[in-house]
Amino acid sequence: MKTKFGFDIHDNRQIDLDLEDTRFADEVAVVVKSWKACMKCGACVGTCPVGKGVLNLTGINYQPALTTCLMCGKCLLVCPRGINTRHLILEVMNKYREYGKAV
Amino acid sequence: MMPREKPYIKSNRQEIPAFAGMTSDAQPVTGNRQPVTVRVAVVGGGPAGMAAVGALAAMHIGVDWYEKEDRVGGKLNNYHQLFPDRVPASEAFGQLVKGTYHNHIDRHLGKAITSVGVNAGRISLNGKDHKIGEADAVILATGFDFFDARHKEEFGYGIYKHVITSADLETVFADGDKLLNVNGSAPASVAFVHCVGSRDEQVGVSYCSRLCCITGIKQAIQIRREYRETRVYNFYIDMRAFGRGYEELYREAQENHGVRFIRGRVSEASEDEQGRIRVKAEDTLMSRPIKLTVDWLVLLIGMSPSCSAVLSGKGEREKSFTNAENPLTGSAVKGQPGVFLAGCCAGPMSIPESVASGRSAAVQAAEYLNKKNGNSE
Amino acid sequence: MEKLFDPFVLLFTAGFSVTGIWFIYKVYRWLAGLSSADRSLVFHGVFSARLWKALIETISESLIHRKVFSRNPRLGYMHMSLAFGWFMLILIGNIESTWYTGDLFKPIYVSVFWRFFDPGPAFPRAAWQPGFAFIMDLFLLLVLSGLLFAIVKRFRSRLVGLKRTTRQQPVDRLALTALWLIFPARLIAESMTCGAHGTGSFLTGTLGHLFSFAFSPSPLVLPTWWFYSFILSSFFFLLPFTRYAHIPSEPVLIFLRRFGVRVSIESPSFTDLNLHACSSCGICLDACQLSEVMPGKQVQSNYFNRALRNGANPPHQWDCLLCGRCGSACPVGVELIPIRQLQRPDTGIGRGLQLPGLVGKNGHKVTILYFAGCMTHLTPGIISSMRKIFDQSGASWHFFDADGQNCCGRPLKLAGQTQAASELKKKLEQDFLRSGAGLLVTSCPICFRIFNEEYRLPGMRVLHHSQYISELLEWKRIKVGPSGLSAAYHEPCELGRGSGILVEPGLVIRSLFHSDVTPSGEGLCCGGSLGGVALEPEVRKAVARGAAEQLTVNHPDVLITACPLCKKTFKPVTSIPVQDIAEATAHYLIAGSSMPERRKSTKVLGYEINK
Ligand SMILES: Cc1cc2nc3c(=O)[nH]c(=O)nc-3n(C[C@H](O)[C@H](O)[C@H](O)COP(=O)(O)OP(=O)(O)OC[C@H]3O[C@@H](n4cnc5c(N)ncnc54)[C@H](O)[C@@H]3O)c2cc1C
Ligand code: SF4
Ligand code: SF4
Ligand code: SF4
Ligand code: SF4
Ligand code: SF4
């Protein structure tokens, strides 16, 4: 399965970084620079009322995580790296829409 | 840090004689008082300060030693056992304090230095509103302050009775007190939160305090040793066990003591009806949110810089540690000739590192004085 | 009677027709673009007393600029003298020309250029002439004095009490130049004529007299009128494409607003009308705290309006905090915040949510529901204080979102996700109603606002905790002791300006502290607002720092707020302790206080200052 993040996930769950295409991530990072600073600590997920959080964005493609976001901003207040999480979520969603047809 | 009310802690406090500190005359004073021409002031009586005064005296340099508390020892006074070897803190204190009973050392207890002023080779040491003393060189060993955990309100320190800091827990152990759950029996579970007040833009601290991971490991083991039935969890972002024997202690905690290490930052804590603490986090390795209810939540608080206020003289604390002029090769303070940093006021350090840093500062001060006197003659 | 025509009037007539036709077309579009519900509002409005109220408002706002006056007298004078003075020149010119010609339906240019056609006692009833000339000169002087202010404002905005002034587009600059020239050109043309005929009053007469000393004005009369006509014509040609479109648009806005029309997705033309009514006066620039921390970035509403008006994508629209300060400062009453919200596209986030927290809340019958709000879970001090207050008051209450898995929907709305917000709203409404509670108390102004404005909860009162506390105090259900301290109050945007809750927080604070706190609805934004989606944390901090500095100029012992988000935002940027109003109340509750003393050496709630 080819993800929108440019990874390739095999049936055995292995991620094939050799096939990585960072275009999507790079484009989002132009708008929300702090995205790349995520240290995958999981605080955003822990605090998220719907148990989703931004971390799910920074790894591999996991779109369902986004669509249920409440935009509440709690993740913004706990992120130790000061990442602008709400902007990131919106931007990723916008990019999805853009890529929706293209990718 | 103010003493906390500990409603569910069974107090067992006793006076520990070894901790009576400098006020006791138990130790014989060593060294002959020789006429000395130069005097160095050391500010701070923690491990770094103790090491520095000892080294200076051994080099026949006169020392004025200032400590704001009424006894020396610094943070060591409130610790129980030290990592990685679980040496009692009192023992380490005993070793260090021995070198400070020397004829060349004048102790000034209860004297807080709030600013230093460099003026034509002489350095004045000032208190709140008056001058306290003068010296040819100064070693600042004011150590660190514990991060005030109330700034991370989401963890509920100062709001929930069952949330304490690692410093509180250290005192509990040192005083021989007991941690009890709400029913008065041994706690069923305890969780440690790593990186409280470190690596956190939300409180404006970007650095890693280096020692809280290993403190968490040490204290987790301590709890498992005292209460065999208690489940212990450590919530970490990255496990940083860098020093001699640290990684081994980490493994020991897992293997021999069954401490559960979970990779994920705790994001918030709440109190249930019984007063137990519910924490929320994510197991980032499993990609699943976690909730957990514990009897005690221990916050592994970071270290905040203490000497920026003294150096700026304005009483303003900065959120980063003071950098030495050439941090790779020495600890002289930029723009203030004759002022050197020792111990945790230059950055987070363990006790052996603080001691080494104190001795190193003593040597640098001696070199500085030699050079200065050589030049002026 | 002479023929009342000269070729130069054609220039003016052409320009004026452009504006006229544009305006008629626009009014048609504005009306045609309304939803049918809004159109019927307009229809009913025309035949009601609202018509008169609208007329009065038009005079007081479009001509006198009363609101600008009350905000900034110097700026008000500038606007008033230009608008009112010009209007009077037209009106009196018209009266004068009608008086002499006896013709009500003459072409417009006749009254505009009346002094040209009637330089002196040529017409009958000449005895009135000096009187008219005097009045006309008086208003011309008024306009010219306003013009002086306008020129000063452009180059030295501080002198008219503005820190910043709108940065102009080229076409606006052109129109502005034309506008500035209109009145000097008129003065010169009229003075030439009066000089040539030895007429005129104190302004045109005197100047004309001086002219005739220096040279013979007669040959210059016609050229100066040509020039005046040219300038007028340029201005009217440009008007529809510049900010001066607000001159005819503003009255239309006033009428429709009085009839009850509001910005909505169903009536897009009303948004367009709002945008056209914005005069780019720049009052919103100074109201916006982002002007201070993001200088040069054109976030503010005048730029936003202009971009939208020109069909462009508004720059930095995601930076705006939606704090509402510009909206409440705007003298025209442009509905800035609703317009901005509608501009944020719905990307479909949050739709079809199945919140776990919504399950199992039913059948819990209580009198009071407490909804802390998701943000409040990060400030547990507020929750524990509310617990204490509820318990002390003896109420039967239920902590609705104890597990922190609920959301009111407003954050989604602020981020433009309107659909998902209303889905959430429907679910929560049902759950609230099923509890049978008569009162819903929330600790979060964001939740409060949407509960209050949009939730349909028949039989259930919605209160913010500051209101609830104020009621408990009034009914003597709880008692507080005076703290003996001084306090400053930060009004949360959503509570004060947004929801108009001003009296109750003031009452509570005054009963606790000896500071005379009277919330005004003009509070600053803490910078933490969920509206500013794109704002980077450093910018938020800078806003917070600025606001904290202003709030604590008098060095209060404590800074009180009434919102978890404000509290969280302020705490890292000020050395003065920050407390929620609930925390302060809980701390000074008298009788049966179950809270343990927390720390010694403390003044307030155990928060020492920056230990
Ligand atoms: C929870 C915790 C547990 C730890 N456990 C261990 C461990 O087991 N093993 C280990 O190796 N390390 C441990 N450490 C690290 C250890 O605490 C430090 O390495 C050590 O305390 C540093 O010594 P210091 O002299 O630099 O500072 P401090 O110990 O902080 O001493 C500074 C002294 O200066 C005095 N002072 C401060 N300001 C002034 C002033 N203006 N005027 C006069 N006097 C002043 C203070 O009163 C104090 O006595 C631990 C740290 C923490 C946070
Ligand atoms: S903003 Fe979205 S992702 Fe972040 S905590 Fe709220 S619901 Fe979760
Ligand atoms: S809290 Fe911030 S740093 Fe941690 S995983 Fe989430 S986005 Fe990344
Ligand atoms: S030592 Fe560990 S707990 Fe402490 S700041 Fe560094 S990573 Fe965090
Ligand atoms: S939005 Fe209002 S305050 Fe701002 S420029 Fe337009 S009219 Fe003036
Ligand atoms: S809503 Fe606030 S932040 Fe946005 S433009 Fe208006 S004043 Fe500025």
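## Chain A and its fold

In chain A, residues 24 or more positions apart account for 52% of the contacts with a separation of 6 or more, where contact means heavy atoms within 4.5 Å. This is a predicted model, in which local features need pLDDT of at least 70 and side-chain atom pairs count only at pLDDT 80 or more, while totals for chains, interfaces and linings use all residues. Residues are numbered from 1 along each chain as its sequence is written, chains are lettered from A and ligands numbered from 1 in the order in which they are written, and side-chain values use heavy atoms, with hydrogens and water left out.

Chain A has six helices and zero strands, so that, read from the N terminus, its elements follow the order α-α-α-α-α-α; here helices (H or I, at least four residues) and strands (E, at least two) are DSSP runs, numbered from the N terminus. Of the 103 residues of chain A, 60% count as buried, a term that stands for under 20% relative accessible area, with exposed meaning over 50% and partly exposed in between (1.4 Å probe, protein chains only).

The size of an interface is often given as the accessible area lost when the parts come together. Between chain A and chain C about 2200 Å² is buried, and 67% of this lies on carbon and sulfur atoms; buried area is the accessible area (1.4 Å probe) that two parts lose on being put together, summed over both. L70(A), L77(A) and R86(A) supply 24% of the area that chain A buries against chain C, which is more than any other three residues give. The contact draws on 25 residues from chain A and 31 residues from chain C.

Across this interface of chain A and chain C the rule finds zero salt bridges, a salt bridge being a side-chain nitrogen of Lys or Arg within 4 Å of a carboxyl oxygen of Asp or Glu. On the side of chain A that touches chain C, at least two residues each come from α4 (63-67), α5 and α6 (85-102) of chain A, and α6(A) gives the most, with seven residues.

## Where chain A meets chain B

Chain A also touches chain B, with 18 residues of chain A in contact with 16 residues of chain B. The area buried between chain A and chain B is about 1300 Å², and carbon and sulfur atoms give 48% of it.

The rule finds one salt bridge across the interface of chain A and chain B, and E268(B) forms a salt bridge with K74(A), with the closest N and O atoms 2.7 Å apart. The elements that give two or more residues to the side of chain A that touches chain B are α2 (43-47) and α5 (74-78) of chain A. Between chain A and chain B there are also 10 residue pairs in polar contact (both at pLDDT 80 or more).

Together, β2(B), helix α1 (residues 47-58) of chain B and β3(B) make a right-handed β-α-β unit, a crossover being right-handed if, with the strands pointing away from the viewer, the path from the first strand over the helix to the second runs clockwise.

## Strand β10 of chain B

From strand β10 (residues 137-140) of chain B, A137(B) and I139(B) point one way and V138(B) and L140(B) the other way, and all are buried. Four bridges join β10(B) to β2(B) in a parallel pairing, with V43(B) opposite L140(B).

Definitions and conventions:
A polar contact is a pair of N or O atoms within 3.5 Å; within protein, one must be able to donate a hydrogen and the other to accept it, and residues adjacent in sequence count only if both atoms are side-chain atoms. Two strands pair if DSSP finds at least two bridges between them.
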